[in-house]
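Hi everyone, thanks for coming.

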Amino acid sequence: METSRSGQVRLSAPAGARRRPVYVTGLQVPCVSCAEAGRDKLGMPRDGRGSDPLCRSCWRSRTERQGTAERRRLVDALREDLVDAGAGCAACGEPSPVPECWLCGWSWLASLRDEFEAEVAAEAAAVERRFAAIAAASVAESRVDELVAWVQRLRAAVEGYAAGRSQGRAVELLADALARDAGERSTLRGRPGAFARVAGVAAVDADWRSGRRSLPGRERTAELAGCSTRAVTSAWARGEAVRWWVRTRQGRPLCLEERRELGRARDRAEFDIIALHLGDAASRAPYVAQALSVLDGLLSHALSLLATAQSDLDLTRARAGTWTDRLEVARRAELREAVATARQITRPAPLPAPIGTVNICSPHGVLNGEYLSSCLSRGLMYGPPVTPAPRPPRGGKSKVGASRSSTKGVRANRVCTGSQPLQRPRSLQGVEGTSQRGPRPSQWSEWAYRLASDLRKHWVWLSGVDLPWVAAVLGPRLGEYWTAEAVVDHVLDTRGGRPVMADPARPAAYLRQLLETALTSNRTPPAPARRHTEHLRQVAEAARKVAADRNQRLRDEFDRRDAAAATAAAGGGRAAALAIAAAAGRGDHAAARRAAADWPETPKPGSGLPPRRFS
């Protein structure tokens with residue numbers, strides 16, 4: 001018995017007792033490596049007589065070690081040979097493969113690779129040319145559409161003036177500009193400038209209802225007027241000098257956030273043309289013919305630009321592999337015919353003004369954003385301002401008297417449907433009760449100002465807006481449980497992660513738009529909101545109206561069918577009864593039988609309902 005190193009007890013026996021017998025068919029001797037390690041294993045000389053006897057495992061290990069060492073030696077020798085031979089070909093000595101060399105066996109593969117790369121490059125170039133042609137055709141189509149819209153606007157202005165419609169306001173505005181320019185001139189010497197054409201572009205581009213919000217653009221005006229951008233700048237300055245228009249917004253390049261929000265790179269300059277009632281109708285009447293002539297020149301120039309753009313479009317379409325269809329060719333011919341008809345108006349003598357421009361009301365003092373509702377035609381829908389009585393000083397006594405409406409600027413020939421001057425005195429209490437500011441609404445005045453003040457800390461662009469304005473936007477739309485963080489998070493969630501503008505032009509209007517978009521979306525707000533509740537009520541009311549209309553139509557249809565069936569049944573039975581009675585009275589029994597045959601069949605008991613086929 002002996003104990004091993006690991007503490008196990010085992011039975012030991014002499015070496016000779018455990019030795020395997022030597023077979024007569026082969027040589028089996030103890031393994032040299034195993035004997036050195038203290039293991040009793042048999043082996044044989046693997047490399048011939050006189051070599052060390054090894055067992056199978058020891059022989060395989062030694063053979064693998066020798067093979068690994070031999071491979072390493074061969075790799076080192078090959079590396080040394082390659083370094084000594086250099087990088088060139090052993091046959092021709094060229095560093096790059098040569099097709100004529102027999103040793104450069106991969107030169108044919110290189111030629112095939114070059115051919116494949118050439119084919120891929122040619123295909124990519126063809127695809128790129130195709131996309132470039134399609135993009136050029138799209139740009140040309142946009143260009144043609146823009147010029148067609150401009151020609152249509154010019155034609156509408158000329159035809160509207162001839163027909164007495166409000167679209168012809170541009171002719172009067174341009175005549176007023178020419179009259180003001182002529183009145184400011186001290187001499188008629190010199191070449192004619194581009195002011196008339198630039199003013200014509202601005203007048204046609206402005207809102208036809210009021211003459212405001214003219215955004216022609218410097219480059220666009222230069223192209224449509226047929227002059228340089230420097231001439232456009234001088235003409236704009238001339239228009240401001242003669243007090244024909246007022247620049248309400250300066251053009252500038254937009255920042256990245258504004259480009260993403262508005263979808264354009266630059267912000268055009270905006271002009272408000274002075275209203276016609278502020279000018280002299282008698283002084284601008286002689287310049288109506290010149291204004292029509294200027295519009296005729298602009299229309300002719302626009303037609304030439306449109307013809308060039310259409311030819312370019314046809315060429316780009318031909319390069320792209322498409323063509324212009326017959327419908328578009330017909331539309332082009334119709335447009336040319338309509339423009340030729342409109343140009344007949346601008347060629348004869350000056351037309352009399354179809355709308356009397358003297359009987360125009362004075363403007364109402366409204367904000368710039370409210371002018372669309374205050375100028376539906378050439379005159380405004382408001383009367384003259386009423387001058388209230390002065391307020392008494394605080395802490396003192398004053399004589400409370402009656403105030404009368406102002407008669408300044410009231411014309412006798414006023415033809416407007418607005419409020420007329422008051423015929424009764426107005427008390428001081430009435431003036432104070434109808435002030436523009438008014439009392440604060442009690443339902444949201446307690447929390448709206450606090451919410452507006454907190455919201456200013458998150459959106460810095462609201463700092464320039466008065467706090468009552470911000471509260472007036474938030475109060476009617478939100479509730480008392482809203483916080484500034486909830487407002488910001490809900491607005492950003494409804495916008496899909498897009499940030500808001502950092503410096504909008506009209507912060508209060510932009511805040512109103514953000515809240516309207518957020519509270520009328522499908523997302524449920526984190527707190528009760530009046531605008532969202534109203535939106536849900538409106539949606540439900542619209543759905544209810546649709547369902548009620550549908551049910552009413554079904555009821556009407558069913559009533560019509562029932563009435564028709566009842567009328568047919570009653571009329572047929574009465575006619576059959578009358579026919580039978582008449583035939584029986586005459587003694588014509590054959591006619592009575594024929595009339596009785598036409599009597600509707602009476603359903604018998606047990607017959608049941610008629611068979612019905614179900615699909």
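Before we look, one term: the expected span of a helix is 1.5 Å times one less than its number of residues. Keep in mind, too, that this is a predicted model.

Now find helix H11, residues 288–320. H11 is built from 33 residues, and its first and last C-alpha are 47 Å apart, close to the 48 Å expected at 1.5 Å a residue. Just after H11 comes Gly321, with a positive phi of about 90°.

The core has 55 residues, and the members touching the most others are Leu154, Val198, Trp244 and Leu295. Let's zoom in on Leu154: beyond its neighbours within four places in sequence, Leu154 is in contact with Val204, Leu295, Leu298, Leu299 and Ala302. There is also a second, separate core of 33 residues, with Leu462, Val470, Val473 and Ala508 among them.

Next, the aromatic rings. Across the whole structure, a search turns up five aromatic pairs. One of them is Trp245 with Phe271, a stacked pair at 4.1 Å centre to centre and 15° between the planes. Trp245 lies in strand E6 and Phe271 in strand E9, 26 residues apart, so to speak a link between distant parts of the chain. Are these two buried or exposed? Both Trp245 and Phe271 are buried. Together with Trp236 and Trp244, they form one aromatic cluster.

Last stop, charges over rings. The charged end of Arg46 sits over the ring of Trp59, 5.6 Å from its centre. Likewise, Arg209 has its charged end over the ring of Trp208, 5.8 Å from the centre.

Methods:
Residues numbered from 1 in each chain as written. Predicted model: local features only at pLDDT ≥ 70, side-chain atom pairs only at ≥ 80, totals over all residues. Heavy atoms only, no water. Core = buried A, V, L, I, M, F, W, Y, C linked by side-chain atoms within 4.5 Å. Buried < 20%, exposed > 50% of the residue type's maximum accessible area, 1.4 Å probe, protein only. Helix = DSSP H or I, 4+ residues; strand = E, 2+ residues; numbered from the N terminus. Contact = heavy atoms within 4.5 Å. Phe/Tyr/Trp six-rings, centres within 6.5 Å; stacked < 30°, edge-to-face > 60°. Lys NZ or Arg CZ within 6 Å of the ring centre and 35° of its normal.
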